[in-house]
Amino acid sequence: MDRLFGQSLPVMQIGPYQLPNNLILAPMAGITDGPFRQLSHQYGAGLTVSEMVISNAELQHHPRTLKKTDDRYGSGLRSVQILGTDPQQMAAAARLNWQRGAELIDINMGCPAKKVCSVAAGSALMKNEELVSKILDAVVNAVDIPVTLKIRTGWDLANRNAVTIAKIAEQSGIQALAIHGRSRACKFHGIAEYDTIKQVKQAVSIPVIANGDIDSAEKAGQVLAYTGADAVMIGRAAQGKPWVFAELAAKLQGLAYLPPPLTEIKAVMNQHLDNLYDLYGNVGGVRIARKHIGWYFDQLGGLPAATKTAINQAEQPAQQMALVNAAFNRIIPPFA
Ligand SMILES: Cc1cc2nc3c(=O)[nH]c(=O)nc-3n(C[C@H](O)[C@H](O)[C@H](O)COP(=O)(O)O)c2cc1C
C-alpha cells in the first residue's frame, strides 16, 4: 500500500489545491467515514469526501456528526460535505467545519431522500433555482476555502436542469461540480446517463466530475472521453474494494495491474476493522463493520452461509476479527 499510484494521470485543480489525480471517492453516508477514506487515500484516490453532515445547528455538535468528519486516520485533503436548505444555516455549518479543519466544503444537492431531517434537502433543492443560488452564495462567502457542489441531472427526467444549476454554481464561485448522471426521481434505478454531464462540461469552465455507475477502468475511460469531464467519482465500486483506485489508476495509464494478494486484503480488513472499533467503540464498531466484511468477502467469492451468520452474530471486536481471519484462512483458489 506504500506504492505510489496515479503519478501520470491527469491532475486536477480545485481552487488552490492540485489533486494528485482525477479519481475521487464519492461521499456515501454510513460508508465513507475516516477509516474507509484512509484506505481509499492509501490506494491512490486523488480526493475523498466525508459522509454528509446535516447543517442543523444542534446536530453540528452531536457525537455522530463529529464522527462523520473525524479525520484522525489521515485521508488527504479534508473535504466535508454539508446538507441543508437554509442559506444562513448552511453558511454557519460551512464556517464551523472550516474552523474544525476542513480544507474543502462540499454541498450536497444530490441526495434523493424525500426528506432529510423533515426538510426537502439534497437533490430536491434543484427544483428551486433561486434558493440554490442563495445557498451557494451564502456558503461561498462564509469561508476562505474552496466550495464544491454535488448535484444530480435534475429533479426528474423531464426537468433536467443541471446545466442551469451549473451556471448558477459557476457564478456563485463554486470551484468544482460533481454530477451523478441520474435525476432525483431516478433514485438509483436504471443506468446513469452521461449526456447531461457532457452538456454541463460544455456550458461551464469550472472543473466537472462525472459520477454514476463507474465500476471499471474501461468505463471510467469511456466516461472521461465522452463527457470531457475533468475527473470521475467512484462510489459503490469502492465498497469492499478500496484498491479500486489503484486498479483504475494503473489501467487508465495502460499499465499492467495485479490485484492485491490475499495477505494484503487481510491486512487491509484488519486495519479497517481496528479503526472502526477505535472510532465507534466496541458495540458500534462491530455493527458498522458487518456490511464492510460482507462486501470484502463478496470480492473473494462470498462466504458460506454459516460463516456469514457467525460473523454477523459476533458482538465483540476480538470475536468478530477472529472469525474474519479464520474465514480468510479457508478461502480457496482462485482467490487465494
Ligand atoms: C449508501 C450510499 C450513501 C450515499 N450517501 C451520499 C451522501 O452522503 N452524499 C452524497 O452526495 N451522495 C451520497 N450517495 C451517492 C453517491 O455519492 C453517488 O453519487 C452514487 O452512489 C452514484 O455513484 P456510484 O454509481 O459510483 O455508486 C450515496 C450513495 C450510496 C450508495
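Me: Helices here are DSSP runs of H or I with at least four residues, strands are runs of E with at least two, and both are numbered from the N terminus. Where does Trp155 lie?

Reply: First, this is a predicted model: local features need pLDDT of at least 70, side-chain atom pairs count only at pLDDT 80 or more, and totals for chains, interfaces and linings use all residues. Residues are numbered from 1 along each chain as its sequence is written. On that numbering, Trp155 belongs to the loop between strand 7 (147–152) and helix 5.

Me: Let's go inside. How many residues are in the largest nonpolar core?

Reply: A nonpolar core is a set of buried Ala, Val, Leu, Ile, Met, Phe, Trp, Tyr and Cys residues joined through C-beta atoms within 7 Å. In the largest one, the residues with the most contacts inside it are Ile82, Ile105, Val139, Leu177, Ile209, Ala210 and Val232. Apart from it lies another core of 16 residues, among them Ile265, Val286, Ile288 and Phe297. The largest core has 78 residues.

Me: How are helix 3 and helix 4 oriented to each other?

Reply: Axes are lines fitted to C-alpha atoms, for helices over the stretch in contact, and angles run from 0 to 180 degrees between N-to-C directions. Helix 3 (residues 87–99) and helix 4 (residues 129–142) pack at about 30°, with axes 8 Å apart. Angles under 35 degrees count as roughly parallel, over 145 as roughly antiparallel, 65 to 115 as roughly perpendicular and the rest as oblique. These two helices are therefore roughly parallel.

Me: Which hand does the crossing of helix 7 and helix 8 have?

Reply: Helix 7 (residues 217–227) and helix 8 (residues 244–252) pack at about 65°, with their axes 9 Å apart. Ala217, Ala220 and Gly221 of helix 7 make the contact with Glu247, Leu248, Lys251 and Leu252 of helix 8. A crossing is left-handed if the near helix is turned anticlockwise from the far one by less than a right angle, and right-handed if clockwise. This one is right-handed.

Me: What covers the buried residues of helix 1?

Reply: In helix 1 (residues 34–42), 9 of the 9 residues are buried, so the helix is largely enclosed by the rest of the structure. Phe36, Leu39 and His41 are among those buried residues. The cover includes strand 3 (23–25), strand 4 (47–54), helix 8 and helix 9 (262–299).

Me: What phi does Asp213 have?

Reply: Asp213 sits in the loop between strand 9 (208–211) and helix 7, and it counts as partly exposed, with 19 C-beta neighbours inside 10 Å. Most residues other than glycine have a negative phi. Asp213 is not a glycine, yet its phi is positive, about 65°.

Me: How far apart in space are Ala176 and Gly15, C-alpha to C-alpha?

Reply: Ala176 lies in strand 8 (residues 176–180) and is buried, with 26 other C-beta atoms within 10 Å. Beyond its sequence neighbours up to four places away, Ala176 touches Ile14, Thr148, Ile206, Pro207 and Ile209. Ala176 and Gly15 are 161 residues apart in sequence, and their C-alpha separation is 8.3 Å.

Conventions
Buried ≥ 20, exposed ≤ 12 C-beta atoms within 10 Å, placed from the backbone. Contact = placed C-beta atoms within 7 Å.
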